[in-house]
Amino acid sequence: MNKNRPVNLDISTIKLPATALVSILHRISGVVLFAVMALLLWMLGTSLESEQGFASVAEIFSSVPAKMILWASLAALAYHLVAGVRHLLMDIGIGESLEGGLRGAVLVLILSVILILAVGVWLW
């Protein structure tokens with residue numbers, strides 16, 4: 001082992017490739033989805049109980065902070081879905097090469113941005 005090799009421990013200076021960024025964001029979006037699952041299930045359960053429950057959920061989610069939380073949740077869902085489809089395609093042999101993986105990662109980022117913006121427009 002070469003002990004004279006350079007060692008860079010400053011993570012902020014490391015340039016990650018698109019494939020690494022997509023992988024890290026996929027994991028983060030999964031954690032976010034797990035964290036907001038209780039909120040989304042409460043929202044669904046309360047809104048289905050009665051008209052008053054639906055009205056209370058609608059009133060809560062008419063505020064800007066609640067819409068931001070809902071938008072972040074739906075953004076995580078959209079990103080996780082697109083990145084998950086990429087993983088499924090790679091499982092069946094599509095985009096396994098280095099070039100295909102990079103193209104797929106860039107496509108995931110582009111499609112996710114489009115979907116996240118569309119969800120934002122839909123919410124507001």
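A: Let's begin with a list: the largest pocket is lined by Val-82, Val-85, Arg-86, Leu-89, Met-90, Ile-94, Gly-95, Gly-100, Gly-104, Leu-107, Val-108 and Leu-111. H3 and H4 are the elements that give two or more residues to that lining. This is a predicted model, in which local features need pLDDT of at least 70 and side-chain atom pairs count only at pLDDT 80 or more, while totals for chains, interfaces and linings use all residues. Residues are numbered from 1 along each chain as its sequence is written, and side-chain values use heavy atoms, with hydrogens and water left out.

Q: How much space lies in the largest pocket?

A: Rolling a probe the size of a water molecule over the atoms shows where empty space is left. On a 1 Å grid over the protein atoms alone, a pocket is an open set of points where a 1.4 Å probe fits, with protein on both sides within 12 Å along at least five of seven lines; lining residues have an atom within 4 Å of a point. Here the largest pocket holds about 180 Å³, a volume being the space filled by probe spheres set on the points, which are joined across faces, edges and corners.

Q: What span does helix H1 reach from its first C-alpha to its last?

A: A helix here is a DSSP run (H or I, at least four residues), numbered from the N terminus. The expected span is 1.5 Å times one less than the number of residues. H1 covers residues 18-49, 32 residues in all, and reaches 44 Å, close to the expected 46 Å. There's also a kink of about 45° centred on Val-36, the bend being the angle between axes fitted to the seven residues ending there and the seven starting there.

Q: Is His-26 buried or exposed?

A: Buried means under 20% relative accessible area, exposed over 50%, and partly exposed in between (1.4 Å probe, protein chains only). His-26, in helix H1, is buried because its relative accessible area is 16%. Leaving aside neighbours within four places in sequence, His-26 is in contact (heavy atoms within 4.5 Å) with Tyr-79, His-80, Ala-83, Gly-84 and His-87. Leu-40, also in H1, counts as partly exposed, because its relative accessibility is 24%.

Q: Which helices do the buried residues of H1 pack against?

A: Those buried residues, among them Val-22, Leu-33 and Met-43, pack against H2 (51-60), H3 (64-91) and H4 (98-123).
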